[in-house]
Amino acid sequence: MRNQVLHIFRKDVRQHWAELVLSVAIIVAYAWREVAKFKGSEDTSYDILLPDMLRNLVVVVWAFLILRVVQAESLVGDRQFWVTRPYEWKKLLAAKLLFVVVFVNVPLFILQVFLLLKAGFPLTSHVSGLLWLQLLWILILILPVATLATVTKSIGQFMMAILSVLLYFAILFPALEKLVPPAASVPVENPIPGWLELLAVVGAGLTVVLWQYARRRTAQSRVLLLGAAVAAPVIMLVTPYRILIERTYRPATTRQQLPVQLVFDPAKWGSREGNRPEKNKVRVRIPLLVSGIEDGDIVDIGGSTVSIQPPAGRPWSSGWHRSGVLLPHRQHDQEDVTIDEGFFERVKSVPVKIRVSFALAPAHTREMVRVVAQATQFAMPGEGRCSYSPRFQGEIVCAFPLKTPAFLMSAKSDELTCAKQQKEPLLPPGTTLYGGNLWSRGSGPADFGLNPVQTTSLGFWDWGETSDRNHRPRVCPGTPLTFFTNWEDLQRIRSDLEIDGIHLADYKLNDVLGGANGFGIMLP
Amino acid sequence: MNSAIRTDDLGKKFRRVTALDQINLDVPEGAIYALVGPNGAGKTTAIKVLMNIFPPTSGRAEVLGIDSRRIAGRSFTSIGYVSENQELPDWMRIDQFLAYLRPFYPAWDRALEDGLVKQYGLPLNRKLGKLSRGVRMKAALVSALAYHPKLIVLDEPFGGLDPLVRDELIEGMLERASEATIFVSSHDLAEIENVASHVGYLENGRLRFSEDMAALVERFREVELTLGAAPALQQKWPESWMQVDASGAVRRFIESRFDEERTRGEIRKLFGDVRDTRFTPMSLRSIFLAMAKAGRGSS
C-alpha cells in the first residue's frame, strides 16, 4: 500500500478525535490566559495560577496523546491484531511521528508564534530559536513519553513506569549528592562526561523506539533503558573532575595579568552568622579583598578549593567546588569552607597555612547601555520590553523573546528613586548595586518553556548592606540603570592565594537555624 | 509437493521453561493441518513462532518459503491469521474494521468480503468491543479470508463457541480450502477430525507425531484378544502397545503401529495360540486420548 502512513494516520485521528479536540481547547485557553497576562490583567491569584494550571494541562494532554497514539498499535505483548497484518514498521513509525508532529509540534509552534507576535516581538529573527524550542520539547517531553509508551502496554503500565522514573530520581539525586563530588558543578571546557550522559539517555531512548518498532523486543528494550539509567550516574561517578578542572584553568604565569586580585582581608567580619552545617562539620569564613576588576568586566569563579596545612599532622583539602561571581566596585568577598569538626578542633588554636585556589573565568561585556526605568514601557538590551507592574508593591517586569539574556545591571545607591518615594532604608552612599542574570551565559538560543516570552523582574542582589533586611532596594521608575550584555569569555585561568599563620577559631561561623549549603562564596 | 510450513528442530524457551522442543513439522501445500494437543502443550507458542510473534530460541522455520524470523509486513498479505485471544481494535465497528484493512491487501476481494459478511450474518454497525465471542471470531475470520491468503492459520478458533457458530466457521474455512493451506490448532479433536487432512500431536512441547490423517487412523487399532487360559502376567510389552489391560483370559490394548501381519506375529510370540483376535479402527478422538494418557503415564 502506497499511502500506508496516511492510512494509519487517518485511523489514529479518527480514534483519538476526542483527545485532539480537548488538547486544542486547552491550548486555546492557555493562549488566551497568557495574552491576558501580557496585557497585565492579573488581578487575583486565580489569574496568576490559571495559566500555570493550563500550562501543566497542555503538557499532560500532549503526553497523553503521544501515549495513546503509540499504544494504539501496542508494541508490547503477543496478541495485538496488527502484528499479523501487512504493517510495515517504518511506515507505522512514520505514521506515529506524523501524528505527533501534526498534533504536538505544529500546535506548539503555532502557539509560540502567536504568543511571540502578541507580545510584540517580530517572528523573523526568532525562527531558529523556535526550532531550538521544538528540539528541547522533543528531548524533554516527546522522546521520553514515546520511549516509555513503546515499552508499556496500557495507561496503567505507563503510569507505573512514570512512578518508577520518579522513584529512580528520588533515590538517585540524594545518592548523587553524597557520592558525586561538588567539583562536578565547576564549568569546564569540553564537558565530554555531560555529553556522554546526554548521549546515553537520548541514545537509549531513540534506540528503544526504533528497536521496538523494528523488532518488538520489549524485554531487551527495557534492559537497555535500565542500562542507560545506570550508565548516566556511573559516568558522573567515574569522571575525573579534578583533572578536567585543572586542564581548563591553567595556572597563571608570572607575566600574566590576572583579571582580579584576591588577597586575605585580616579585618574580621562583624556578622559571623552562617547556616547550620552538616553534622560533625564546622563552617569557616575567610574574608577576602577584591580589586582590579575593570568596569564592564565580571570574573566568574568557576570553582575554588581550600587546603589547610597545620604545623604538624596531615593537611586537609576541601576539593573543588562551585563558587560565585566577582564584580567591579565590590571590594569585599569571602570564601566559606566546611571543615570536618575533628580536624577543626585539632588545629583551631594553632596558626595554620591556608591555600585557596581559584578557577577564574573572566568575561568582558561588548555592550553597555544606560537606561532610565520608566513607568510606561521602555526597552532594554536583548530586545527586552520592560514596564512598571503594580504587583508585589511595585516592580519593573521585563519580557524577552525566547530567553532572558545574560545581563548585569548596576545602579548607584544615591540615584535610587524608590527610596525617595517610599522611604526605603538608606544604603551607604556611593554603593554600586548590582542585579541581573549571569547564569544563562553560553546556554542555547531559547529557554525551555511553553511560552516563548520570558519574563523577569528587575531587582538588585542584596549583600546585606541595607539596614533593614526585610526591605531590599528595588528598581522604580526614574532610576538610572546601566546594563552590561553580550559577554565575551576571556581566557580561563587559575590563581592561588596563600595565607600564613591564620587561626581558624577566629573565623568560625556561628550556627543559626537553616539549611546546610556546603561551602562556597556567598552569592547574590 | 512443496511445503507451506516446514520446521527443523524448532525450539522455544521462555527463560528456563521449554515451550517447544526440537519440533520437526512439514505441512504440505493444500493440506488442512490440525495441530492438536492438550492445553499447555505448546500449540499457540508454535504458531506464534511461525508467525514471527515470538523469535525461536533454536532451530528454524519456514512459512511459505520465508524464514519465520523474516515474516513481517508484506508477508502477511499471503497469510490469514486468526487467534481466539487476539486483541482487535474494539473502538471500531465491523464495517470500519474491514474498510480499514482493505487497503493493506492488494488482493482484497470485496465480493468475497460481502459474501462472507452475509454468510456469517455480521452486524456491520456494531463495535468490535461489544460483540459476543462468536461474532467477534466471525469478524476476525472474514478479515483474514477476504484477500485469498495462501495460508490460513487459526489458533484455537472454535474454543468456547456453540456448535452452530463452530459449524458456520468451519464451513467458511472449508470453502477456502481449495485455494489455501489451512493450519489449525485445537485441543478438541471432535472439532476438526472430520475436516483435517493431516494431523500433528504436540505434548509438553514435543511433537509426538505428524502425519497424514488416513495413515494415522490406519496405524492405530484397538486390539482385543481372547486367550485359551489366563496366562502369567506379562511384564514387557512391545513399545507400540499402549494401555494394556488384562481381564481374565481377555487382553485389550491399543496398537500404535498397526500392521496386521506384524501385529499378529507379535501376539503369537507373546501369547501363543489365541482363541480370538479383534482389531477395531479408532476415531481420532480415541487416538488422541490414548496418546494423552500414554504421555501422562510416561511423564
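Figure 1. Ser23(A), Ile26(A), Ile27(A), Tyr30(A), Ala31(A), Glu34(A) and Lys37(A) are the buried residues of α2(A) (buried: 20 or more other C-beta atoms within 10 Å of the residue's own, placed from the backbone; exposed: 12 or fewer; partly exposed: in between). Viewed down the axis of α2(A), these residues fall within an arc of 140 degrees, so they line one face of the helix; the arc is that of the directions from the helix axis to the C-beta atoms. The face turned away from the buried side carries the exposed residues Trp17(A), Ala18(A), Val21(A) and Ala25(A). Helices are DSSP runs of H or I of at least four residues, numbered from the N terminus. This is a predicted model, in which local features need pLDDT of at least 70, side-chain atom pairs count only at pLDDT 80 or more, and totals for chains, interfaces and linings use all residues. Residues are numbered from 1 along each chain as its sequence is written, and chains are lettered from A and ligands numbered from 1 in the order in which they are written.

**Figure 2. Contact of domain 1 with domain 3 in chain A.** Chain A is divided into domain 1 (1-150), domain 2 (155-248) and domain 3 (260-524), with bounds from an automatic or database domain assignment. Domain 1 gives 18 residues to the contact and domain 3 gives 14 residues (contact: C-beta atoms, placed from the backbone, within 7 Å). On the domain 1 side, α3 (45-72), α4 (89-118) and α5 (127-150) each supply at least two residues, and α5(A) gives the most, with seven residues.

**Figure 3. Contact of chain A with chain B.** Chain B contributes 20 residues and chain A contributes 14 residues.

Conventions. Two residues are in contact if their C-beta atoms, placed from the backbone, lie within 7 Å.
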